[in-house]
Amino acid sequence: MRDASPPRLPDAQVMTRTDSVVSINQLTKRYGGRVVVDQLTVEIPRGAVAGFIGPNGAGKTTTMAMLLGLVRPTSGEGTVLGESIHHPERYLDRVGALLEGPALWPSLTAVENLRVLARLGGHSDRRIPEVLDLVGLSDRGTDRFARYSLGMKQRLGIAAALLGDPELLILDEPTNGLDPAGMIDMRDLVARIAAEDRTVLLSSHILSELEHVCDWLFVIEQGRLVFAGRSDEFVSQTGTEVLLGPLQTSDLLALAAVVADQGFTVGREGDQLVVPVDDGDPRQMAASLNSAAAAVGIVLAELHVRRPTLEANYLRLLEGEAA
Amino acid sequence: MIRTFRAELDRLTGRKVVLAAAVIVLVFGIGGASVVLASAKPARDASGGLTPTIERLSGSGGGTEVFRFAAAFAGTLVFVVFVGLFAMEFSRGTYRTMLLRQPLRVRLLAGKIAALLCVAAVVLAATEVVMWLSARVQASGAGVATTDWVSLAGLGSAVSDYGMVMLWVTGYAVLGMTVAVLLRSVPLALAAGIAWAGPIEHLIGDAWPTASKVFPGLLLEIVGEGGTPAVSAARAALTVAAYLAVAAAITGTVFVRRDVTS
């Protein structure tokens, strides 16, 4: 059964309307009887690099398409850059987007494609060399789009999104279909773009790619928001553990008793003890456990704090939702 | 609309497209003139409106009538080209890309069709000139006199024939756009378009004479032919114009209201 409490929106009380680049309220999209996006309420603060996480079919692309005026919401309201999502013509010139992969004209070169898009968006041609350089395609600008690899097509799609020097960049699964090296390149590219003082909304179902670039996260599952907030809050929500490994394996039981005496729950993982951190500072806790072990003559060969990955927390969150 | 028009024009005036268009103009201009002149018969032997007669072609407007006759034969081809040009954007996902730059959808479609028709106008003008020159060279072999072709009346006919063919192309363009926007798939739109403009209308037309006053494809052919004894060109053009207004309204409404999901 779902948690009836509303999704967490940390700092929402201090976030004013003007701080939000994207603000959606109870946004819903139904196709027949199927609810794809279910009463989604989200605020994205200006300057954030926001990750939009959810499994395939969770409603990420549909939500983005509604923000971009491609899909009409069934109900709910929203604003992008202060304008209603029912009037995308009022804000799309300040938004760059790559949705469902780059769709360009295969017989045209990269430069020709960008020129057509610049005309269409009323942007200057002068940005073309600049954006090609930013995505690392300067020397391939005269190649036909059809001859590009998937990674190059994705980068050209991002170059196209950047043509209008947008305040908000919306990228839907930009690493889809890329090999590991391509994914790292793309992550670096997004980090570079984000450093230019833009707001970025980035969707993915590959969490490791978001972990390093996003400072804000939204998690949706079956069209419903299950988390919204700063990524460090999401990562540090639960699951941090202190690991202790005595020099002598024979000290393991004695060490477990010491940890239990300190009031902590203890588990075992091979030749190490695992102590979950419920609250408080994990480093402080590690230091006190080290002192307590030393006091009874146990020498620790290993002592470290293990923080949960985004993926681990995400899976835990989804399991909680399912339960 | 201007932005879309310029963007589309940019795409349509690339070097390769211009070269391809030049080749088509030459082949169609020379080949079309040959076919029309070869099929020309004396008036007493002509069977119907689609058969060019030596007497008509020998008149002052004969040089450009060749162009009008040749164009009328390419009806289905022109329709298919426009269906393909509009439906292809759905298959490639490029409407999505374009709508992110031009979210006002009616303006997007209007700019696109305006640019296509603008290019079509230039291609048709070039074809008319090439065909006139080619027909003049080949006319004597078909027993067609060309002395009246170079006259003011001939120039007037050239303008009027050009206008008729342009109207006819505009009709196919709008109908092609409608089929493409409604079906959103190249194979489906082409299948439906070819089936309708080709066999369906003609088969029904053969069995039911009134069809030529009702069906848009047959009416467009009549416009291209410059009228038939049963339906005048003006009446056909008016009926076609009404069809096009309805088709454009339906296309605009559907394109505005539908979600763009691919």
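Helices (H or I, at least four residues) and strands (E, at least two) are DSSP runs, numbered from the N terminus. The crossing of α7(B) and α8(B) is right-handed, a crossing being left-handed if the near helix is turned anticlockwise from the far one by less than a right angle, and right-handed if clockwise. Residues of α7(B) that include Leu109(B), Ile113(B), Leu116(B) and Glu128(B) meet residues of α8(B) that include Ala158(B), Tyr162(B), Val165(B) and Met177(B), where contact requires C-beta atoms, placed from the backbone, to lie within 7 Å.

Helix α8 of chain B comprises 32 residues (152-183), which at 1.5 Å a residue should span 46 Å, in agreement with the 46 Å between its end C-alpha atoms; the expected span is 1.5 Å times one less than the number of residues. Just after α8(B), Arg184(B) takes a positive phi of about 55°.

Glu201(B) lies in helix α9 (residues 186-207) of chain B and counts as buried because it has 22 C-beta neighbours inside 10 Å. A residue is termed buried if 20 or more other C-beta atoms lie within 10 Å of its own, exposed if 12 or fewer, and partly exposed in between, with C-beta atoms placed from the backbone. When residues up to four places away in sequence are not counted, Glu201(B) touches Trp196(B), Ala211(B), Phe215(B), Gly217(B) and Leu218(B).

Chain A contains ten helices and 14 strands, and 42% of its 323 residues count as buried. Four of the strands of chain A form an open antiparallel sheet in the order β2-β1-β4-β5, in which the edge strands, β2 (34-45) and β5 (83-84) of chain A, each pair on one side only; two strands pair if DSSP finds at least two bridges between them. Helix α1 (residues 60-67) of chain A packs on this sheet, touching β1 (20-31), β2 and β4 of chain A, and its direction makes about 115° with that of β1(A). Strand β4 (residues 75-80) of chain A is joined to β5(A) by two bridges in the antiparallel sense, with Thr79(A) opposite Ser84(A).

Elsewhere in chain A, strand β11 (residues 241-246) has a covered face formed by Val242(A), Leu244(A) and Pro246(A), and an uncovered one formed by Glu241(A), Leu243(A) and Gly245(A). Strand β11(A) runs antiparallel to β13 (residues 272-276) of chain A, to which four bridges join it, and Leu244(A) stands opposite Leu273(A). With β14 (residues 300-306) of chain A, β11(A) pairs in the antiparallel sense over six bridges, Gly245(A) having Glu302(A) as its bridge partner.

The predictor gives the complex an ipTM of 0.80 and a pTM of 0.78. For chain B the mean pLDDT, the predictor's confidence in each residue from 0 to 100, is 85, and 97% of its residues reach 70 or more. Residues are numbered from 1 along each chain as its sequence is written, and chains are lettered from A and ligands numbered from 1 in the order in which they are written. As the model is predicted, local features need pLDDT of at least 70 and side-chain atom pairs count only at pLDDT 80 or more, whereas totals for chains, interfaces and linings use all residues.

Terms used
Contact = placed C-beta atoms within 7 Å. Axes fitted to C-alpha atoms, helices over the stretch in contact; angles between N-to-C directions.
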